[in-house]
Amino acid sequence: MTREINTEWGISRSLIPSNYQTIYQIIGFDRLNFVGDITNAIPQHENCHITSLSFECDGVRANGRLTVQAPDEHYMMQIDRRLRAVQGLVSIRKTN
């Protein structure tokens with residue numbers, strides 16, 4: 001996705017993306033509301049979006065993939081910290 005930028009010389013296309021997208025691979029203990037706590041770690045406003053969410057749980061382990069879009073690196077660092085604070089999280093890894 002590109003963003004149009006108005007300049008004094010006219011309109012040009014920027015190759016700078018308007019959003020950052022990160023894919024997380026998440027492993028945690030399967031417990032009540034684990035996936036809900038993961039989704040609640042994402043700020044709830046128009047600038048941050050969960051674009052994909054998939055989890056498989058077997059009663060002991062929860063294994064999932066979460067794709068998030070945010071407007072800048074500051075938001076992505078905040079999301080990363082909030083995800084790492086979720087109770088029962090075993091590991092989280094960015095896959096992109």
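A residue is called buried when its relative accessible area is under 20%, exposed when that area is over 50%, and partly exposed in between, as computed with a 1.4 Å probe on protein chains only. The model described here is predicted, with local features requiring a pLDDT of at least 70 and side-chain atom pairs counted only at pLDDT 80 or more, whereas totals for chains, interfaces and linings use all residues. Residues are numbered from 1 along each chain as its sequence is written, and side-chain values use heavy atoms, with hydrogens and water left out.

An open sheet is formed by four strands in the order 4-5-3-6, with antiparallel pairing; strands are DSSP runs of E of at least two residues and helices are runs of H or I of at least four, both numbered from the N terminus, and two strands pair if DSSP finds at least two bridges between them. Strand 4 (49-57) and strand 6 (89-94) each have a single partner strand and stand at the edges, so one side of each is left without a neighbour in the sheet. Strand 4 pairs with strand 5 (residues 61-70) in the antiparallel sense over eight bridges, and within strand 5 it is G64 that stands opposite F55.

Helix 2 (residues 73-84) packs on this sheet and touches strand 3 (20-29), strand 5 and strand 6, contact meaning heavy atoms within 4.5 Å. Helix 2 contains D80, which is buried at a relative accessible area of 15%. When residues up to four places away in sequence are not counted, D80 touches Y24 and K94.

Conventions:
Axes fitted to C-alpha atoms, helices over the stretch in contact; angles between N-to-C directions.
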